[in-house]
Amino acid sequence: MMCFRRNVGGAVLAAAVLVACATVPDRAHEEQEVSALNQWLEKQGSPFRFALTGEQKNGTGVAKKYVLGNPCRTAAGAKLQVDIDHVIGEAESQNGGVAEPKIAETRCVYASQSPLKIDEVWVVLRGNDKVAYTVEMSPDPRDGTIFQVRGPWGKIE
């Protein structure tokens, strides 16, 4: 959970991701701050968003972090899954995880037909934690699939 504070100069966007709690004067401002934070997260390519819960903590609205998409079977074929696993494994080994991570789930986020593009969130087990990676896939005009893995984006709570 996260509370938000109003900051001067838009610094709240970066700070809100790191700061656990602070104050905002009213519900309208809370909604504006959460909306601005979500827009910033979207521009960064993050799989996380925030939603106000309706709860209050010390007089401030509480926002809860969630992961985009719904659990689904990945669109990647077996060979592509191995390639994506390898890229995630390299990132995990550099960020406190293991080189052969276990994929806990995939989440479908976005698919378009023209041009064909599929965005997924791959959730990796790192010890007792779950960590999110974003995977973008599109057909290669010559052959196969072009993919991009971004992350780790952080722990899923």
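Student: In which element does Thr106 lie?

Tutor: Thr106 lies in strand 5. Helices (H or I, at least four residues) and strands (E, at least two) are DSSP runs, numbered from the N terminus. The model is predicted: local features need pLDDT of at least 70, side-chain atom pairs count only at pLDDT 80 or more, and totals for chains, interfaces and linings use all residues. Residues are numbered from 1 along each chain as its sequence is written, and side-chain values use heavy atoms, with hydrogens and water left out.

Student: Why does Thr106 count as buried?

Tutor: Buried means under 20% relative accessible area, exposed over 50%, and partly exposed in between (1.4 Å probe, protein chains only). Thr106 has 10% relative accessibility, so Thr106 counts as buried.

Student: Which backbone atoms does the side chain of Thr106 reach?

Tutor: Start with the term. A polar contact is a pair of N or O atoms within 3.5 Å; within protein, one must be able to donate a hydrogen and the other to accept it, and residues adjacent in sequence count only if both atoms are side-chain atoms. Here the Thr106 side chain reaches the backbone oxygen of Cys72 at 2.5 Å.

Student: Which residues is Thr106 in contact with, leaving aside its neighbours within four places in sequence?

Tutor: Contact means heavy atoms within 4.5 Å. With those neighbours set aside, the partners of Thr106 are Asn70, Pro71, Cys72, Arg73, Thr74, Val121 and Trp122.

Student: How many bridges join strand 5 to strand 6?

Tutor: Two strands pair if DSSP finds at least two bridges between them. Strand 5 (residues 102–113) and strand 6 run antiparallel, joined by 10 bridges. Cys108 stands opposite Glu120 in strand 6. Now take the next pair. Strand 6 and strand 7 are antiparallel too, over nine bridges. Val121 has Thr134 of strand 7 opposite.

Student: What is the phi of Gly127, in the hairpin of strand 6 and strand 7?

Tutor: Most residues other than glycine have a negative phi, and most peptide bonds are trans. Gly127 takes a positive phi near 65°, in a hairpin with two residues between the strands. There is another hairpin to read. Strand 2 and strand 3 have two residues between them, and Asn58 in the turn has a positive phi of about 55°. Strand 2 (residues 48–57) and strand 3 (residues 60–67) run antiparallel, with seven bridges. Phe50 has Lys65 in strand 3 as its bridge partner.

Student: Which residues does Asn38 touch, not counting those up to four places away in sequence?

Tutor: Asn38 touches Arg49 and Phe50 on that count. Asn38 sits in helix 2 (residues 27–44). Asn38 counts as buried because its relative accessibility is 15%.

Student: Where is the cis peptide bond?

Tutor: The bond from Gly151 to Pro152 is cis, with omega near 10°. Pro152 is in the loop between strand 8 and strand 9 (155–156). Gly151 has its place in that loop as well. With a relative accessible area of 36%, Gly151 is partly exposed. Leaving aside neighbours within four places in sequence, Gly151 is in contact with Ala91 and Tyr133. Gly151 and Val131 are 20 residues apart in sequence, and 8.8 Å apart in space, C-alpha to C-alpha.

Student: How much space lies in the largest pocket?

Tutor: On a 1 Å grid over the protein atoms alone, a cavity is a set of points where a 1.4 Å probe fits but cannot get out, and a pocket is an open set with protein on both sides within 12 Å along at least five of seven lines; lining residues have an atom within 4 Å of a point. Points are joined across faces, edges and corners, and a volume is the space filled by probe spheres set on them. Here the largest pocket has about 260 Å³ of space. Of its 16 lining residues, Gly45, Asp119, Thr134, Glu136 and Arg150 are the closest to its centre.

Student: Which strand gives the largest share of the lining of the largest pocket?

Tutor: Strand 6 does, with four residues. Strand 6 (116–126), strand 7 (129–139) and strand 8 (145–150) each supply at least two.

Student: How many residues of the protein are there, and what share is buried?

Tutor: There are 157 residues, and 32% are buried. The protein has three helices and nine strands. Their order from the N terminus is β-α-α-β-β-β-α-β-β-β-β-β.
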